[in-house]
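Here is a short briefing for a reader who is meeting this structure for the first time. Keep the sequence and the 3D view open while you read.

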Amino acid sequence: MDRYAVVGHPIAHSKSPLIHRAFARQTGQAMSYEALLAPLDGFAATVRAFGENQGRGMNVTVPFKLEAHDLATELTERARAAGAVNTLVFRPKGVLGDNTDGAGLVRDITKNLGYALNGRRVLLLGAGGAARGTILPLLGERPAGLVIANRTVARAESLAEQFSQAAGAIPLAASSFAGLAGQTFDVIINATAASLANEAPPLPPGLYAPGALAYDMMYGKGDTPFLAAARQEGAAKLADGLGMLVEQAAESFWLWRGVRPQTGPVLEALRAGRTP
Ligand code: ATR
């Protein structure tokens, strides 16, 4: 039987095994999917051992996405742009590294939430690994403009510069949070780690255009601090990152098995607190 796994540290909380087992059942794929805890200094050894024991592919989560990028012998364009890898495919010769996070985000927004990004003014909050992985897929939707805002402005500026060629004619700018005052956006995506500290990024008021979507890449019970603030600000639509989680998984599954699972029923079950 073909083996797959998600590797991270910690890993016990991961929903990936539930999601991928549901996909496998739904599509009739004979495969197993497990959660693997790698020691903090033992990521490469864990991956190697898995590949030598019927391992066909892996998802990679915190804190190993950068190491996975360095370990891969071949990278997709979007993984290279992200500088991080969340999906590994074991091949006869070598290991392919991909990053499906950004595609998962875009798919959740455009398909599940039915919100076209084409021609919209998009604001991306954060300039760490999570933000970086979404820039190329967001630009691929041809928004009217993309602004990257970060607490440390220099990091946002460096990202904007790095992706300026990929942006082509699409205006791509960097900003501080305070510097956003006076602008409005159709979509605001939170890719900061502020929620981990139970905080919302300190945004000036009035950023949400009529009908705007507030999207938090994090998820949890109830509103995240960012979504609570967005609600107060009158954002028309709110979404957390659970849909992105399921969509990035589906994209990995497709890469491994050549079959696209239906994400709707799996997302619905997770939302309802049921096992998908
Ligand atoms: P990740 O891989 O999750 O993106 P990271 O690379 O450490 O993690 O980046 C964390 C991001 O969250 C950064 O953009 C960080 O801002 P700085 O670059 O200024 O550090 C942002 N961040 C973390 N805590 C935050 C907070 N309390 N308020 C606003 N932004 C925060």
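In which loop is Pro 10 found? Pro 10 sits in the loop between β1 and α1, the latter spanning residues 16-27. The model is predicted. The points below take the backbone, then the sheet, then the ligand, then a pocket.

**Backbone details**

- The peptide bond that leads from His 9 into Pro 10 is cis. Its omega is near 5°.
- Pro 63 belongs to the loop between β3 and α3, where α3 covers residues 65-71.
- Arg 142 is not a glycine, yet it has a positive phi of about 55°.
- The loop that holds Arg 142 runs between α6 (129-140) and β8 (145-149).

**The sheet**

- An open sheet is built from 6 strands. Their order is β2-β1-β3-β5-β6-β4, and the pairing is mixed.
- Strands β2 (31-37) and β4 (74-75) stand at the edges. Each has a single partner strand, so one side of each is left without a neighbour in the sheet.
- Strand β1 takes in residues 2-8, and strand β3 takes in residues 55-60. These two pair in the parallel sense, over 5 bridges.
- Within this part of the sheet, Arg 3 stands opposite Gly 55 of β3.

**The ligand and its surroundings**

- There are 13 residues around the ligand. Those that come nearest are Asn 150, Thr 152, Arg 155, Ala 193 and Glu 199.
- By type, the shell around the ligand has 4 nonpolar, 6 polar and 3 charged residues.
- The side chain of Thr 152 places an N or O atom 2.5 Å from an oxygen atom of the ligand.
- For Asn 150, the distance from a side-chain N or O atom to a ligand oxygen atom is 2.7 Å.
- Arg 151 has a polar side-chain atom 2.9 Å from an oxygen atom of the ligand.
- On its own, the ligand has 650 Å² of accessible area, and the protein covers 72% of that.

**The second largest pocket**

- How much space lies in the second largest pocket? The volume is about 180 Å³.
- Its lining is made up of Lys 15, Tyr 219, Gly 220, Lys 221, Asp 240, Leu 242, Leu 270, Arg 271 and Gly 273.
- The lining residues of this pocket divide into 3 nonpolar, 2 polar and 4 charged.

How values were computed: Residues are numbered from 1 along each chain as its sequence is written. This is a predicted model: local features need pLDDT of at least 70, side-chain atom pairs count only at pLDDT 80 or more; totals for chains, interfaces and linings use all residues. Side-chain values use heavy atoms; hydrogens and water are left out. A residue is near a molecule or strand if one of its heavy atoms lies within 4 Å of it. A polar contact is a pair of N or O atoms within 3.5 Å; within protein, one must be able to donate a hydrogen and the other to accept it, and residues adjacent in sequence count only if both atoms are side-chain atoms. Accessible areas come from the Shrake-Rupley method with a 1.4 Å probe; for residues, only the protein chains shown count as cover. Ala, Val, Leu, Ile, Met, Phe, Trp, Tyr, Cys and Pro count as nonpolar, Asp, Glu, Lys and Arg as charged, and the others, Gly among them, as polar. On a 1 Å grid over the protein atoms alone, a cavity is a set of points where a 1.4 Å probe fits but cannot get out, and a pocket is an open set with protein on both sides within 12 Å along at least five of seven lines; lining residues have an atom within 4 Å of a point. Grid points are joined across faces, edges and corners, and a volume is the space filled by probe spheres set on the points. Two strands pair if DSSP finds at least two bridges between them. Helices (H or I, at least four residues) and strands (E, at least two) are DSSP runs, numbered from the N terminus.
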